[in-house]
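Here's a quick briefing to read with the model open in your viewer. It goes through nonpolar packing, charge pairs and a few spots worth a look.

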Amino acid sequence: MTSFRVYLYIFVISLLTSLPIFGQDRYALFIGTNYKGNTAKIPELNLCEADATFLKEKIQKNGKYKDIKVLLGSMVTSENVKNAFKALGKQAGKDDSVIIYFSGHGMYMKDAKAKNGMRNYLICYDRPHISDEELNEFLSGIKSTKTVLVMDCCYSGGIAKKGKNTRGAADVPIAQGNDGVVRQNAEDYFFQDKAVISSSDDDQTSIEVGGSINHGIFTYNFGNALEKADLNNDKVVTALEAFFVAKEETVAMAKKFSHEQTPQVSGNAAGIFLSGSPKPQDPPPPPPAVVINQPVNVGPTNTTVTPPNNTQTVAVVTTPTPEPETVVENPTTVEIPPIVNVEPPAPPSITTGDILIRTSIIKDKSYGGASNKSPYDLLNKQGKLKSSASEDSIRKIKVLVDGEEYSSVVATEKSNIWGATSRNGKIIPGEVFVIKIEKLPAGVHQIEVRADNYPIYKTAAAVIPKQTSNLEIIESMDGYGAIQGRVFYKTLDNPIEKNQIYMPTVVSTNQIFKVVTDKDGNFWFTNLKPGKYEIRASFMEEMKLENSEIIVKPGELTKVEIILNKKMSYTKTKY
């Protein structure tokens, strides 16, 4: 069977090398400005132009691009950017790869016609600036679906705080007469079926640092990844490979500067070749000492195992036993981009890594009334069941990697959020699943998580050689929703700690209607009945919020950001 799989891979690789996908042309546009000498009072930066030049040089060295254009400094005007996009639209065909890079300021401005009442802008050297709506129009002229927009900027935040330059400008706008504004499910740019890679999340700032790095930290890591991120050894670095490697290194580097910065990707970035040239070759036979995890085609069984690090309770391990599949495959699907649709196959690799998946999936199947009551439940309540909890009360879960199930360790962690209840003012933790899959072939894989009474969850993740890649999967039970929120003071890099959040209309399984934000401004409401909820930024005090009505949908996670222009005396902020 193993030999057949190897020959099949070789045949597929040989076939694909004769198709246009490997012969596609590549085009690039690099935009960067430090705003030096601008007359619009835009705060100056130091390294954006160096970033654009750095990435262009990496592309030239490794990418074999047919055409590369660069706009730097005062050349970064709305009209010049528009014309550069038009030129790309005339050059690039539908199967060509296109990378567009922007390094500079990003910010929000008030706009009643925009989603959440605010409009995203890329800040040019001088006015006018480019709104998300205009950028969408510019991109519509590019026919290639293999287009990736890479942005090293942030969409709000301060300038030069704590000795670091952050690539954002101005406070988040709040209408006069209000104490704050609520943004629900705010999203990064996602235009015309194009992929978008951003240097930070939409509530984070992106930093640039000097010294030996002397670049924006994401651009520095992304540029270096173009040379070393060929995870599956197929002689090509794709946008997803470069992104995942740069993400890991950016998060770690930001922590060294006491900063939180997590790069994001949206849209389908699969199959976009950024550097290298594919050279199919016969896969080398694995040496005897190397053991690669092989797919299993049987159901799970309960076995005592050693859990992953930091887990508290061991659950099950998937082993080859002939038990029938019992996991409920709910037809509802939560697709978190990117989904790997066209990431190129590669010869089997002898390099391997691990994936550790932390989920919000609650172990207790009966929690929230999501399962049918069984005779075991009655016996448990009467204290007549002497053995451990019946298997029927434990939610079944499995993970598919590229459509196949591998042997894995399933454990549980205590959670004060998911599955937790409040009794006499005290939080009783719940338990959620953690899954570790070891010795997977290096490369980008499609991950699919299936569990009783939960929507099917699909996303992509990278296996990096000799490393453990962490993947967080946050979703709510089918039939229930959840709210994940953060509270900020004026800017999206200034979270408020100990801020009370009150929802007087909560209808949930745990009936928690008041919470307090943590040190990062986070708060949660889980297992909510779908519907509309009113959210307040205080319990006793009266604070008027724009867009305070929150919509919760079954099986989904609603993300909420509350930006306040005043704070209570008992709260704490970063700045």
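A residue counts as exposed when its relative accessible area is over 50%, as buried when that value is under 20%, and as partly exposed in between. Lys 66 has a relative accessible area of 56%, so Lys 66 is exposed. Keep in mind that this is a predicted model.

- In soluble globular proteins, nonpolar side chains tend to be buried together.
- The largest nonpolar core here has 35 residues, and Ile 99, Val 148, Val 150, Ile 197, Phe 222 and Leu 274 touch the most other members.
- Elements giving two or more residues to this core include β1 (26-32), α3 (48-62), β3 (97-103), β7 (146-152) and β28 (456-463).
- Helix α7 puts in the largest share of this core, with seven residues.
- This core lies between domain 1 (26-276) and domain 2 (352-384 + 393-473), because both of them give residues to it.
- If you skip neighbours within four places in sequence, Val 148 is in contact with Val 98, Ile 99, Ile 100, Ala 195, Ile 197, Ile 272 and Leu 274.
- There's also a second, separate core of 32 residues, with Ala 84, Phe 85, Ala 92 and Leu 149 among them.

**Salt bridges**
- Side chains of opposite charge can pair when their charged atoms come close.
- The count of salt bridges comes to 17.
- One of them joins the side chains of Asp 25 and Lys 66, at 3.6 Å from N to O.
- Asp 25 sits in the loop between α2 (20-23) and β1, and Lys 66 in the loop between α3 and β2 (67-72), so this pair ties together parts that are 41 residues apart in sequence.
- Asp 25 is partly exposed, at 30% relative accessibility.
- Glu 448 and Arg 450 also form a salt bridge, with their closest N and O atoms 2.5 Å apart; Glu 448 is buried at 8%, and Arg 450 counts as buried at 14%.
- Glu 534 pairs with Arg 536 at 3.0 Å, N to O; Glu 534 is partly exposed at 32%, and Arg 536 is partly exposed at 32%.
- Lys 58, Lys 61 and Glu 227 are linked in a salt-bridge network.

**Other spots**
- Phe 513, Phe 539 and Met 540 make up a nonpolar surface patch, together showing about 320 Å² of accessible area.
- Met 540 is in the loop between β35 (531-534) and β36 (545-546), and counts as exposed at 68% relative accessibility.
- Arg 183, in strand β9 (residues 180-184), is buried, with a relative accessible area of 4%.
- Arg 183 and Lys 559 are 376 residues apart in sequence, yet their C-alpha atoms are 8.3 Å apart in space.

Technical notes:
Residues are numbered from 1 along each chain as its sequence is written. This is a predicted model: local features need pLDDT of at least 70, side-chain atom pairs count only at pLDDT 80 or more; totals for chains, interfaces and linings use all residues. Side-chain values use heavy atoms; hydrogens and water are left out. Patches are made of residues with over 30% relative accessible area and no salt bridge: like charges are joined within 9 Å, nonpolar side chains (Val, Leu, Ile, Met, Phe, Trp, Tyr) within 5 Å. Accessible areas come from the Shrake-Rupley method with a 1.4 Å probe; for residues, only the protein chains shown count as cover. A salt bridge is a side-chain nitrogen of Lys or Arg within 4 Å of a carboxyl oxygen of Asp or Glu. Helices (H or I, at least four residues) and strands (E, at least two) are DSSP runs, numbered from the N terminus. Buried means under 20% relative accessible area, exposed over 50%, partly exposed in between (1.4 Å probe, protein chains only). A nonpolar core is a set of buried Ala, Val, Leu, Ile, Met, Phe, Trp, Tyr and Cys residues joined through side-chain atoms within 4.5 Å. Domain bounds come from an automatic or database domain assignment. Contact means heavy atoms within 4.5 Å.
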